[in-house]
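Please examine the sequence and the structure before starting.

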Amino acid sequence: MNTLSFKKIKPSYIIIITISFIVMIVLINESIKPWLAEFHYRAGYNEFARRRYLFAIEELELAKKYAPWETHYQLTLAKSYNSYADQQKIEQEKLKYINESINVYKNMERLD
């Protein structure tokens with residue numbers, strides 16, 4: 001009677017299976033990132049529309065993390081920074097968020 005035994009598997013096959021498994025995990029991880037980016041962008045855009053800019057910034061930063069090449073996400077992020085800066089009463093806080101917005105615009109320019 002034939003039985004399956006791990007002892008009968010050649011070491012080269014184990015290496016091939018291990019490498020294939022690692023590649024599969026990496027590809028699955030990379031294929032999920034665009035979906036996560038879109039999910040966080042939509043959540044951030046909804047918060048932006050509700051004028052809850054700090055929450056929008058958090059969500060849009062996550063969208064930027066998952067899809068750093070997507071300038072559309074970064075444009076909404078920069079708008080959120082500008083709008084949140086307008087709400088601030090302290091001059092240092094305004095400058096902080098305006099500078100963040102400028103950094104996002106510079107990154108978009110670099111990508112284009």
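**Exercise 1.** Are Tyr81 and Tyr97 buried or exposed?

**Solution.** In this predicted model, both Tyr81 and Tyr97 are buried.

**Exercise 2.** Determine how Tyr41 and Tyr73 are arranged, and which helices their pair joins.

**Solution.** Begin with the whole structure, in which a search finds six aromatic pairs. One of them is formed by Tyr41 and Tyr73, whose ring centres are 4.7 Å apart and whose planes make an angle of 25 degrees; since planes under 30 degrees apart count as stacked, the pair is stacked. Next, place the residues: Tyr41 belongs to helix H1 (residues 11–49) and Tyr73 to helix H3 (residues 71–87), so the pair ties together parts that are 32 residues apart in sequence. Finally, Tyr41 and Tyr73 are buried, and together with Tyr45 they form one aromatic cluster.

**Exercise 3.** Describe the salt bridge between Glu38 and Arg42, and classify the accessibility of each partner.

**Solution.** The structure holds four salt bridges, and in the one between Glu38 and Arg42 the closest N and O atoms are 2.9 Å apart. Both residues lie in helix H1, four residues apart, which is about one turn of the helix. Glu38, with a relative accessible area of 26%, is partly exposed, whereas Arg42, at 52%, counts as exposed.

**Exercise 4.** Which residues are linked with Glu47 in a network of salt bridges?

**Solution.** The network links Glu47 with Arg50 and Arg52. Within it, the closest N and O atoms of Arg52 and Glu47 are 3.0 Å apart; Arg52 is partly exposed at 39% relative accessible area, while Glu47, at 14%, counts as buried.

Conventions. Residues are numbered from 1 along each chain as its sequence is written. This is a predicted model: local features need pLDDT of at least 70, side-chain atom pairs count only at pLDDT 80 or more; totals for chains, interfaces and linings use all residues. Side-chain values use heavy atoms; hydrogens and water are left out. Rings of Phe, Tyr and Trp (its six-membered ring) pair if their centres lie within 6.5 Å; planes under 30 degrees apart count as stacked, over 60 as edge-to-face and the rest as tilted. Helices (H or I, at least four residues) and strands (E, at least two) are DSSP runs, numbered from the N terminus. Buried means under 20% relative accessible area, exposed over 50%, partly exposed in between (1.4 Å probe, protein chains only). A salt bridge is a side-chain nitrogen of Lys or Arg within 4 Å of a carboxyl oxygen of Asp or Glu.
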